[in-house]
Amino acid sequence: MTCLKRVTACLRALLRRSRMERDMDAELQFHVLSYPEDLVRAGLGRDEALRRARMALGGIDRAKEECRDVRGVNLAEGIIEDLRCGLRMMCKNPGFSAIAVLTLALGIGANTAIFSLTNTVILKMLPVPHPEQLVYVDLPNAEQGGGSYGFSYPTYCYLRDHNSVLSGVFAFEEWDRVNVSVGDEAEIATGQIVSGDYYSTLRVRAEAGRTIIPDDDRPGQQSFAAMISHGYWKRRFGLDPGIVGKDIAINGCPFTIVGVTPPEFFGVSVGKSPDVTLPMIAQPQVMPGRSLLDNNTTWWLTVMGRLGPGVNEEEARADLDVSFHHFAPSKMGQLKIAVIPGGRGLSEFRDRFQKPLLALEALVGLVLGIACANVAGLLVARAAARRKEIALRLALGAGRGRLIRLLLTESVLLSGLAGGIGLALGAWMSRLLIDLVSRGQVPIWIDRRVDGRVLGFTAAISILTGMLFGLAPALRITKIDLGPHLKTAGRVSGLARSRFTLGKALVISQVALSLLLVVGTGLFVRTLRNLKTQDLGFKPENVLTFEAAPILIGYQDPRNRQLYTQMIDRIGNVPGVRAVTAARFPELTRGAWEPSITVPGFVPASAETTPVQANIVGPRYFETMGMPLLKGRDFSEQDNLNSQKVVAINEATARLYFGAADCLGRSLSVSGISGQMEIAGVVSEAKYHSLREQALPMLFIPFLQLPEKTPSFLSQMTFYVRTALSPESLAPQIRREVQLVDKDLPIFAIKTLSEQVDESLVRERMVATLSSLFGLLALGLACVGLYGIMAYTVAQRTNEIGIRIALGAQRGKVSWMVLRETSILVIAGIGVGLPITLTATRLVRGMLFGLTSIDPATIACSTVLMLMVASIAAYVPARMASRVDPMVALRYE
Amino acid sequence: MGNQLELLQGTLDMLILKAVSLGPLHGYGILLRIQQISKQRLEIQQGSLYPALYRLEDQGWIASVWGESENKRKAKYYSLTPAGKRRLRTEAENWNRMADVIAGILSTTPEEV
């Protein structure tokens with residue numbers, strides 16, 4: 001009979017139980033009456049007939065039992081019975097149950113939180129139909145350490161029109177900031193620009209109105225179409241039902257909203273959710289001064305497509321590669337197309353956080369393991385108290401398997417309850433985590449709704465946990481000898497001693513795992529400290545920074561320059577401001593310009609030259625940032641279009657091109673800027689993009705000296721204001737000065753430079769904070785576990801201790817005995833844990849900074865910490881042991 | 001009742017199916033019929049009858065219906081289903097084949113080995 005049939009029969013039997021019972025009763029009753037009648041008819045006496053009948057039928061109840069077994073009811077009923085028994089047990093020991101459930105809930109909750117984040121960021125597919133068909137068309141940069149090029153718009157169009165392998169292909173680019181005005185109110189929002197077939201390829205339907213279609217992307221539009229996200233509809237328009245057809249202006253250009261995307265759709269980048277989406281045809285209007293639609297030299301678009309039926313990635317790659325090389329300019333000729341599965345979306349967030357998340361998963365799994373060991377230890381200790389009950393059950397005929405099932409049901413009940421609490425706890429914790437992680441330049445958008453996968457995960461680990469910590473004690477306890485336990489009223493000391501190796505093994509494993517966690521925490525915390533205390537090359541204290549993007553309100557060269565100069569002037573006059581400057585590429589962000597530098601007389605030693613990056617900065621940049629000048633001078637207002645072109649370089653660049661020779665006054669030229677530029681100053685090295693980088697060569701160009709009409713370099717600027725006292729207190733005044741220059745100018749990302757430094761360390765901070773929490777939790781659990789087992793041992797051996805004291809042992813020696821036993825346990829735990837730690841920490845080598853994975857100082861400190869924890873745990877039991885009154889101990893059996 | 005042959009495992013099901021194939025019967029009646037058609041050489045353990053009946057019903061080879069017995073008592077009558085008929089045929093064939101094989105083995109003389 002198939003499994004399914006069995007299960008349905010079982011369920012049916014359960015539900016109609018009473019009717020079934022009555023039926024069975026009636027049927028057997030008929031038999032019980034008919035048989036004796038026949039016997040009587042055959043000549044037997046009535047009593048004899050009845051006796052024979054009963055004997056022959058073998059006991060009606062037994063027959064019924066067998067019938068029930070055949071029906072499959074027994075299993076289900078047994079489990080229900082076990083559940084009821086388990087619940088009763090839990091209520092009888094509320095203290096024990098509470099501790100166990102709480103311990104497990106913490107472990108399960110932490111796991112749920114981390115997994116929920118991992119699920120959203122790493123595992124989930126995009127919320128579109130058939131995401132597995134989506135692919136990225138990539139143009140990887142084979143040379144300098146990875147990264148890829150985008151596509152130019154004409155190349156994308158060519159690929160779109162000349163391929164036979166993709167059923168749909170679209171291009172898009174995301175923008176962190178666009179200026180969206182509704183009526184008179186302007187606000188900064190996130191946006192993306194897409195080709196006309198974006199939504200049709202993704203097969204996304206609008207929640208209200210319609211999506212952008214290829215027709216919206218053709219030249220000659222009367223008014224441009226735009227779509228907004230559901231979140232933006234809620235946030236800015238209050239779910240206005242008249243949203244479709246509303247007129248808005250984006251970066252000054254008029255658009256009409258044609259539709260709203262559904263709430264679960266967020267584009268194709270995990271971690272971002274563009275508020276507005278515009279068609280590609282609007283690009284020249286929205287980015288004034290730079291039309292990229294006919295431009296085949298700017299490679300800026302990301303391209304994705306949906307594989308056609310029956311096409312695999314390799315075929316698509318080959319076809320697209322051929323098309324690409326037909327059309328691409330020779331400069332891009334040596335690049336090859338790659339086709340990458342895109343079902344999960346591309347995600348910068350994922351790339352940055354994948355490793356830390358996996359490390360956290362491991363840590364949190366360890367915590368759960370320790371919690372399990374703890375609860376198992378509790379169960380084992382309590383099982384000893386239930387010995388009589390178990391012995392009785394066994395004696396009454398319960399099979400060992402049946403008993404194990406009973407005990408396991410209790411464990412799973414405990415862990416199931418803990419799982420329920422853990423789910424709520426985990427949801428709360430993951431919200432905290434997301435908040436911690438999204439404090440940054442651009443807020444991270446992560447779908448917070450509880451996913452089915454997360455629920456399934458929580459359920460699964462709850463049940464597994466229950467089985468894990470319940471199995472060993474259940475197996476152990478049902479192996480007992482019936483005799484001694486039914487007879488003795490209490491404890492039998494000799495037996496108890498050897499019996500406790502399971503409990504000891506559990507504690508040793510707890511100590512080992514805790515050691516791993518504590519060492520891990522130590523490594524991560526020290527990494528964070530190393531990163532924060534190193535010399536940054538600039539002084540972040542007392543500096544206020546903000547970004548201004550005049551391009552969003554239509555500024556072009558030369559108005560830009562005037563604007564910036566005026567802003568620097570006015571802010572400089574605010575009392576309390578010591579210096580103010582600006583830079584195109586802010587500190588500790590990813591942006592940079594990599595021009596080719598030509599130094600007359602310099603021949604590169606090898607084909608591989610370290611790329612020199614360049615930043616466009618304002619006057620007194622180095623003074624404001626606190627970057628020490630080694631030679632020469634800082635930029636000033638005199639360095640403008642009428643004076644000699646100058647640059648400043650840092651030590652690394654000087655070493656690269658000039659060795660140890662003096663370079664002040666030497667000339668070089670930079671691609672894109674005509675004429676020779678003179679080196680006016682040399683500054684010391686600093687961190688420009690990330691706190692982990694080493695010695696990047698850098699070049700600085702004053703923005704006032706940029707040739708006319710170099711639009712992208714002047715489109716926005718980050719300002720730095722060094723103040724005498726607290727930067728935040730001057731923020732309102734500075735804002736006012738900026739508004740006096742231009743009241744519509746959008747400024748944002750107002751923060752102090754120290755906050756910026758902290759933000760760049762968000763991953764390390766997250767890992768260090770969480771692992772400290774987990775480490776503390778683990779230590780606490782290990783401490784409790786140690787205490788539990790030592791207290792239990794002392795209680796078991798009260799008899800023996802009493803005898804020792806009666807025979808003259810000093811109390812001090814007795815305490816020492818307990819301490820010695822605890823130390824043995826801990827040292828064993830450390831002995832087991834150390835090799836595991838040394839191997840495991842190698843896995844996180846890449847995340848560390850300034851120390852190796854087997855850093856001796858960290859390991860030594862962790863070991864000492866464990867020993868201290870041990871002595872704390874042993875303190876109370878040791879005192880208990882020393883206080884044993886021999887008279888009481890000897891009398892009490 | 002003479003020498004009772006011990007019933008081989010699994011043959012009880014076959015016997016019940018055969019008994020029921022001759023006409024619908026209640027549990028006790030099945031017992032009696034098997035005894036009758038075996039000419040009193042076979043007596044079924046009464047305790048093992050009902051579990052076997054339930055098992056056969058679960059597997060769909062017999063169907064039950066409540067009815068009235070000769071002496072006006074409520075009793076459950078079992079009858080053979082078409083699937084049961086097929087099952088009986090297959091089981092009978094297997095049994096006969098098995099009996100042939102075993103008979104062949106048992107009648108082997110030393111010379112034939």
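Colleague: Which strands of chain B does helix α1 lie across?

Modeller: Helix α1 of chain B, residues 11-21, lies across β1, β2 and β3 of chain B. Its direction runs at about 100 degrees to β3(B). Keep in mind that this is a predicted model.

Colleague: What else packs on that sheet?

Modeller: Helix α3 of chain B, residues 46-58, packs on the sheet and touches β2 and β3 of chain B. The direction of α3 makes about 55 degrees with that of β3(B).

Colleague: And what is the order of the strands in the sheet?

Modeller: The order is β1-β3-β2 in chain B, in an open sheet of 3 strands with antiparallel pairing.

Colleague: Why do β1 and β2 each have one side without a neighbour?

Modeller: β1 (25-26) and β2 (62-68) of chain B stand at the edges of the sheet, and each has a single partner strand, so one side of each is left without a neighbour there.

Colleague: How many bridges join β2(B) to β3(B)?

Modeller: There are 7 bridges between β2(B) and β3(B), the latter being residues 74-80, and the two strands run antiparallel. As for residues facing each other, Gly67(B) stands opposite Ala75(B) in β3(B).

Colleague: Switching to chain A. At what angle do α27 and α28 pack?

Modeller: Helix α27 (residues 811-841) and helix α28 (residues 856-882) of chain A pack at about 150 degrees, and their axes are 8 Å apart. Angles over 145 degrees count as roughly antiparallel, which means that α27(A) is roughly antiparallel to α28(A).

Colleague: Is the crossing left-handed or right-handed?

Modeller: α27(A) and α28(A) cross in a right-handed way.

Colleague: Which residues make that contact?

Modeller: On the α27(A) side they include Val814(A), Leu819(A) and Ile830(A), and on the α28(A) side they include Met866(A), Leu867(A) and Ala870(A). The residues of the contact of α27(A) with α28(A) divide into 16 nonpolar, 4 polar and 1 charged.

Colleague: What about α19 and α23, how far apart are their axes?

Modeller: The axes of α19(A), residues 559-572, and α23(A), residues 727-741, are 9 Å apart, and the helices pack at about 140 degrees. That angle makes α19(A) oblique to α23(A). α19(A) passes α23(A) in a right-handed crossing.

Colleague: Which residues of α19(A) meet α23(A)?

Modeller: Leu563(A), Gln566(A), Met567(A), Arg570(A) and Ile571(A) do, and in α23(A) they meet Ile734(A), Glu737(A), Val738(A), Leu740(A) and Val741(A). The residues of this contact between α19(A) and α23(A) divide into 7 nonpolar, 1 polar and 2 charged.

Technical notes. Residues numbered from 1 in each chain as written. Chains lettered and ligands numbered in written order. Predicted model: local features only at pLDDT ≥ 70, side-chain atom pairs only at ≥ 80, totals over all residues. Heavy atoms only, no water. Axes fitted to C-alpha atoms, helices over the stretch in contact; angles between N-to-C directions. Helix = DSSP H or I, 4+ residues; strand = E, 2+ residues; numbered from the N terminus. Parallel < 35°, antiparallel > 145°, perpendicular 65-115°, else oblique. Left-handed = near helix turned anticlockwise from the far one by under 90°. Contact = heavy atoms within 4.5 Å. Nonpolar A, V, L, I, M, F, W, Y, C, P; charged D, E, K, R; others polar. Pairing = 2+ DSSP bridges.
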